[in-house]
Amino acid sequence: MNRFAYLRPTDIAEAVRAIAADPSARFIAGGTNLLDLMKYEVERPTRLIDITRLPGLDAVEETASGGLRIGALVPNADLAHDPRIAARYPLLASAILAGASPQLRNAASTGGNLLQRTRCYYFYDVGTPCNKRAPGAGCPAIDGVNRIHAILGTSTHCIATHPSDMCVALAALEAKVHVAGPNGERTIAIGDFHRLPEDRPDIDTTLAHDEIIVAVELPAEGFAGHCTYLKLRDRLSYAFALVSVAVGLAMDGDAIGRARIALGGVAHKPWRVPEAEALLQGRPPTEESYAAAADRLLAGARAYRDNGFKIELARRAITRGLAQAASGTPQSQTDKRIR
Amino acid sequence: MPERDAGPATGLPDRMPISLTINGEVRQLDVAPWTSLLDLLRLELGLTGTKKGCDHGQCGACTILLDGRRINACLTLAVMKDGARITTVEGLAAADGGLHPLQAAFVEHDAFQCGYCTPGQLCSAVGLLAEGRARSAEEIREHMSGNLCRCGAYPNIVAAIEQVMQ
Amino acid sequence: MANGETYFGTARGRVDGPAKVTGSARYAAEFAAADLAHGHVVSAAIAKGRIAAIETAAAEAVHGVLRIFTHANRPGTAWRDARYRDEVAPPGSPFRPLHDAKIVFSGQPIALVVAEDDATARYAASLLRVRYAAEPHATDLERQRGQAYVPRRKRTGIAPPPKPRGDAQKAFDAAPVRIDHEYRVAVEHHNPMEPHASTVIWEGDGRITVHDKIQGVQNSLGYITGVFGLSQKNVRVLSPFVGGAFGSGLRPQYQLFLAVMAALDLKRSVRVELTRDQMFTLGYRPATIQRVALGAAPDGTLQAILHDAIAGTSTFEDYQEVVVNWSSLLYHCDNVALTYRLAQIDTYTPADMRAPGATLGVFALESAIDELAYAAGVDPLEIRRRNYTRTDENEGKDFTSKELMECYRLGAERFGWSRRSAAPRSMREGRELVGWGVASGAWEAMMMKTSARAALTADGRLEVATATADIGTGTYTILTQIAADALGLPMESVTARIGDSALPHSPVEGGSWTAASAGSAVQAACRAVREKLFSAARAAENSPLANADPSHVRFVNGRIVLAADPARFITVADAMRAAGLERLEEEATASPDSATQKRYSAYTHSAIFAEVRVDAQLGVVRVTRIVNAVAAGRIINPRTARSQIIGGVVFGLGMALTEESLPDHALGRFMNHNLGEYHIPVNADVPAIDVIFVDEHDDKASPLGVKGLGEIGIVGSAAAIANAVYHATGTRVRSLPMTLDKLLPEKPAGRA
């Protein structure tokens, strides 16, 4: 780990001023990903700005529109177990509990979870080239060990995936990210928060360097009755998703009213295709309906050397996820039998 | 003579005073900002009960209790936890040396072999019991999955925790 | 003077348990000294070539850096290969850290940065800039298999394949039922929870004490004295606790060389602890391509066995293990042809990893036998019974004991095998396909020459000592049990000391031979003490044993009593006092009986039954039940013994389903070198595991009648799980691990 200066600002404005002053500074909260990357010399910040003591970022509050506003410092575990989240947004609770370990969930913050960086082997190994670490260096993953890599939205520069489970649920819930910067606050739709790699795989999100996440806002609709988070991975717990699917459905009698589907483990961001969701509107909850949505979601999917299986796996995961949600039997993150 | 490398020219100190309550004892410490809580415990305070298995939050051997919650000490900067209350495996037993019920159950059920993951398993299990969310063996298995055991003592770990839970 | 057994055969808690649960047990990196410096290893980024330059100026400028060792400035060490060849080294030219500019494997240590503290060493190491002159490398066994060769020099202790019997090819060609497939197992890394580390304490005057993560302190001692030209009296190696090893601690690893080198050069204490990522630069279970061809009569009776294995090794050592021999050991067959070859790749030398060879060979064999069972329409358990052999047909010897048939019977009974429906995909529960599989396991029951010391003191305490290790196996505990029984003392009065090179000779702890070897040595030493004690007791004034013969007395509860009249006794303390003895110390050596070895083969056996549930459409596998019935002679401590088997099964579960070191052959490097992406099983992966120890009387394998348990638990586990997966799904996966991508049906499956 490199040497750095440690700062502990006392309010958001001071934190923003501190980061704006140093392009190599980083905010730190839970530290569960940043310190991991620093130990690998992937991140070498000159300053760490400790935001854990900033006031006003640690609460889950009701919003005027019937949703919830989650402070950026709320730990993942507290969020998942907040009774309001568990009751009204079980999809989010389930996704969080599918990720990491209890210890990590105790430490990791809501804002930090949004900023998790990819698990690409090459990104983590400074002994290999990586366009995400050093644009232009090359990407050995494209023709290399890419079993865990993306099938959608890739570029010729990067095929890394976004690693979060929580964000997949937030995408399905159409959460909003509230950020503060030198010019005040702004709101970023979750769908616009993470970006595709294109020719700048080093940039994961649309958050500016001098901005800080202050809250995540959930809209009123939580799809509590019909939702699921289905995560498929290489062991039954404590592993990143090969493919995951977050589904929220609003049923309209025997038919599907509105549908939300987001995929994890397949792209550089949680993957949503509104057209696929629209296909389900008014359709009966049948395998045929699900297959049509899956086809649309996976349109354009590309197989690399080792990850072609993800296309078929994602197709089946979508189908199963939709079936679980429609029948109101969400996937348990404890009972490993897939419903 | 080599030049002193003070890191970036920030004018900020490279050691900072913090206070931690470790296993009930208040400690005033000067720590470098980059010192993990794990390295502070193991390398500076000689509390080697807390183990380093991966140093990246991927094995759970460094699990300790911070203000009663289980976390990975390897992914925690000590300087950020100024004022916190920390319990390590060395602090689980009673003052008279009597084993914590989980420690006794681990011995009774042979819930370890090499012993290297054991302090982390124990602190994790203390955290698990405090959380109160695991009720069945299945739930214990899931909520103890952040603690790897290469010796494969898992069934015995579950049995030990189940016994204490009852 | 045969003593009753109070402890042998009874479940006892580990004597080192309290130390392990309180955090007071200290491991190699946890010993300190006032002058301790910290070394951080810099690893090569290429697989083959030369170091063109290492720029160290920036690192050297960091305050607190003491020295940066590279090939360019390393201190001199021994010249001859033999000095570097440790106790268990395979034939070849052992790797010498920092020897020259040559790079022979990715991750090779190329520099050691030593600093006042660990963080400074790590930080400074990150400032090193290395330029390489890379050369083309070859790390893909599939591409090198054409270059495979039979190793010219055999590795000591590793039996080459037996001579062919009959005409296997002809019999295979003529057989009515035939199976012929290739099987593959991915590279696996040991990944004990404790990273490899060595702490070298500089004692002054050229003397060092070395805390090493090693399965044999005397192996490290021999290596250090050989390589650095030190006298044995100036070096002491300790490993009282070892945080798992599974074979990775058999050979001294490069951090030992580096730590000793730095300590001797700096004349101060030095610790070198590897990172988890660097654990993937050590030896590993080699990738192995196996072909098994079985020919059988319509009833499944074997007529031909052909088993060929090609395994990877490094370019500088011919690592060898017993892979194929199991095929003609486990079953009767008159026509057998087994071959084992190596192919060189540009990696570090593979290393023994829990049940080396057997895990690989038995996976292939037991998968093939299962395939044969389906082909012949015979129950998979029945086909194993039908081809049972009562003799070691490889060696033409009888077994010292073999209760495998009883393993089959009791295991099947406990598992409920008779309720199995025969056809694949015939058992289902909801969306999950259920499968039951079985496999056999075997491991050689070895005993190695070992010495031990027993010392009884006037206060009635006994200390037994030998230089072996306890890597989690329970060695401390079983030695305590054996010693307590031998002198009729409570276990609380006995201390076992191990993991110290100054103690009586012991080979490396491995191969499942420690219980038989160290246990027999301790028993022999205790018996020698007992004889002396008895003489003292008999000679004591007014001794109630004055006229007793050794066969007339027993040692019970700290007393020597007349068997015929337990009211007449003399206490151990009184006997010692009468003879003026403060301390009664004897050393003894236990060796395998060569006459017995010539006539008999000794093996442990197992029958393992697995139940899996596989999601019919998603390919997710859950192991839901395991029964492992083991025949391993006498069981000293059923509690720790059960743990050994459970641990082996979990290791096998990882091999079957999750573990795989993924090589990038373009870079010549394993890429998932961390515990987040190299998946060892977690708690949620592991079901209840039912262990049965079958009664097995063995008076030949070792003086104690024990056969060892460290390996047998894993052998057969992966095959049993793979066979269960086939039974569940109808998909035969011949390449481990069986990750879910291998179980996605080719075409979209029907509705659940």
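1. Glu43(A) is buried, its relative accessible area being 7%. In this predicted model, its salt-bridge partner is Arg26(A), with the closest N and O atoms 3.0 Å apart. Glu43(A) sits in the loop between α2 (34–39) and β3 (47–50) of chain A and Arg26(A) in strand β2 (residues 25–28), so the pair ties together parts 17 residues apart in sequence. Arg26(A) is partly exposed, at 29% relative accessible area.

2. A second salt bridge joins Arg669(C) and Asp125(A), at 2.7 Å from N to O. This pair crosses between chains: Arg669(C) belongs to strand β30 (residues 669–670) of chain C, and Asp125(A) to the loop between α8 (121–124) and α9 (166–173) of chain A. Arg669(C) counts as buried at 13% relative accessibility, and Asp125(A) counts as buried at 5%.

3. Asp165(A) and Lys231(A) form a salt bridge of 2.8 Å, N to O. The pair links distant parts of the chain, with Asp165(A) in the loop between α8 and α9 of chain A and Lys231(A) in strand β9 (residues 227–232), 66 residues apart. Asp165(A) is buried at 6% relative accessibility, and Lys231(A) is buried at 8%.

4. Over all chains, the whole structure holds 85 salt bridges.

5. Chain B contains five helices and five strands, in the sequence order β-β-α-β-β-β-α-α-α-α. Of its 166 residues, 61% are buried. Chain B carries 14 positive and 19 negative side chains, and the centres of the two sets are 3 Å apart.

Methods:
Residues numbered from 1 in each chain as written. Chains lettered and ligands numbered in written order. Predicted model: local features only at pLDDT ≥ 70, side-chain atom pairs only at ≥ 80, totals over all residues. Heavy atoms only, no water. Helix = DSSP H or I, 4+ residues; strand = E, 2+ residues; numbered from the N terminus. Buried < 20%, exposed > 50% of the residue type's maximum accessible area, 1.4 Å probe, protein only. Lys, Arg positive; Asp, Glu negative; His and termini not counted. Charge placed at Lys NZ, Arg CZ, Asp CG, Glu CD. Salt bridge = Lys/Arg side-chain N within 4 Å of Asp/Glu carboxyl O.
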